[in-house]
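Colleague: Hey, I'm new to this one. Could you walk me through a few spots in it?

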Amino acid sequence: MILSGKTILIMGIRNKWSIAWGAAMSAYENGAKVIFTHHPSEKEEKIQELIEQIPGSKSYACDAASDEDIKKCLETIKKEHGKVDGILHSIAHANTEDLRNDFIFTSREGFSHANDISAYSLVAITRIAKEIEFLTQGASIVALTYFGSEKVVEGYNLMGIAKAALETSIKYLAKDIGKDKIRINAISAGPIKTLSAKGIKDFGTILELVEQKAPLHQNVTTKQVGDVASFLFSNLSSAITGEVIHADNGFSTVGV
């Protein structure tokens with residue numbers, strides 16, 4: 001198993017349909033000890049019921065909009081579990097009206113909010129993890145992104161800008177933390193019917209288009225994306241950093 005003996009932190013768990021859960025299951029099946037964080041607004045009992053499927057796992061409330069909360073959360077995890085070998089950043093949010101309306105109508109507050117939660121939180125988590133020596137040497141950080149950062153996807157709107165900021169941040173972070181032999185990459189997953197995807201207008205049309213146009217003529221699953229995350233957490237990807245890897249059945253390679 002490629003993650004045997006490793007401890008992986010999944011940040012942003014919500015439910016069993018999420019990519020974060022697919023990554024958690026893949027990490028567990030590949031031998032890792034899995035720990036979670038969830039937003040304080042999530043119901044503790046719901047999260048607990050979900051993660052019971054992974055023996056020995058535990059979830060901690062963490063508000064990624066607060067540096068103080070991030071530090072407190074990571075310090076608690078380090079105290080109880082020791083350093084970790086990998087972090088999955090599965091944290092993003094935009095106001096509904098900023099996704100439903102044309103991008104030109106994005107509010108200043110909405111723009112700031114989406115970029116803070118969806119992109120800057122990765123910078124903050126990475127910096128704080130480095131400062132408190134939370135990561136082992138050779139550790140790997142993985143973030144989740146989407147094709148809407150590269151091309152205009154109807155209905156993705158502001159989140160596309162936030163994901164573009166996330167992807168560029170990863171390149172700069174890779175340079176900074178590479179000095180400590182820590183890697184950071186992103187997975188650009190194909191569209192998946194998650195709870196968050198419900199906020200995207202006409203999302204079903206996007207799924208149909210992928211089935212028609214992607215070289216493999218099918219939509220990607222959370223398990224498939226999770227397996228890519230496991231690869232990036234493993235020593236098999238030790239020479240990869242600062243990259244955005246597409247796990248979308250080839251859809252991003254198709255022009256028309």
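This is a predicted model: local features need pLDDT of at least 70, side-chain atom pairs count only at pLDDT 80 or more; totals for chains, interfaces and linings use all residues.

Colleague: OK. Which side chain does Asp 248 make a polar contact with?

Modeller: That would be the side chain of Ser 252, at 2.9 Å.

Colleague: And where is Asp 248 found?

Modeller: Asp 248 sits in the segment after strand S7, which covers 244-247. Leaving aside residues up to four places away in sequence, Asp 248 touches Ser 188, Gly 190 and Ala 214.

Colleague: Is Asp 248 buried or exposed, and what is the nearest side chain of opposite charge?

Modeller: Asp 248 is buried, yet has no salt bridge. The nearest side chain of opposite charge belongs to Lys 151, 12 Å away. A salt bridge needs the nitrogen and oxygen within 4 Å.

Colleague: Then how many salt bridges does the structure hold?

Modeller: There are 7. One of them joins the side chains of Glu 42 and Arg 14, at 3.3 Å from N to O. Glu 42 is in the loop between strand S2 (33-38) and helix H2 (44-51), while Arg 14 is in the loop between S1 and H1, so this pair ties together parts that are 28 residues apart in sequence.

Colleague: Are those two buried or exposed?

Modeller: Glu 42 is buried, with a relative accessible area of 12%, whereas Arg 14 is partly exposed at 33%. Glu 42 also meets Lys 46 in a salt bridge, 2.6 Å from N to O, and Lys 46 is partly exposed at 38% relative accessibility.

Colleague: What about Lys 130, which residue does it form a salt bridge with?

Modeller: Lys 130 pairs with Asp 180, their closest N and O atoms being 3.5 Å apart. Lys 130 lies in helix H5 (residues 108-131) and Asp 180 in the loop between helix H6 (158-177) and S6, so the pair ties together parts 50 residues apart in sequence. By contrast, shared partners join Arg 14, Glu 42 and Lys 46 into one network.

Colleague: Switching topic: which residues are buried in H8?

Modeller: Among them are Thr 222, Val 225, Val 228, Leu 232 and Phe 233. The buried residues of H8 pack against several elements, including strand S1 (7-11), helix H1 (19-29) and S7.

Colleague: And how far apart are the end C-alpha atoms of H8?

Modeller: They are 16 Å apart, which agrees with the 16 Å that its 12 residues should span at 1.5 Å a residue.

Key: Residues are numbered from 1 along each chain as its sequence is written. Side-chain values use heavy atoms; hydrogens and water are left out. Helices (H or I, at least four residues) and strands (E, at least two) are DSSP runs, numbered from the N terminus. Buried means under 20% relative accessible area, exposed over 50%, partly exposed in between (1.4 Å probe, protein chains only). Lys and Arg count as positive and Asp and Glu as negative; His and the chain ends are not counted. A polar contact is a pair of N or O atoms within 3.5 Å; within protein, one must be able to donate a hydrogen and the other to accept it, and residues adjacent in sequence count only if both atoms are side-chain atoms. Contact means heavy atoms within 4.5 Å. The expected span of a helix is 1.5 Å times one less than its number of residues.
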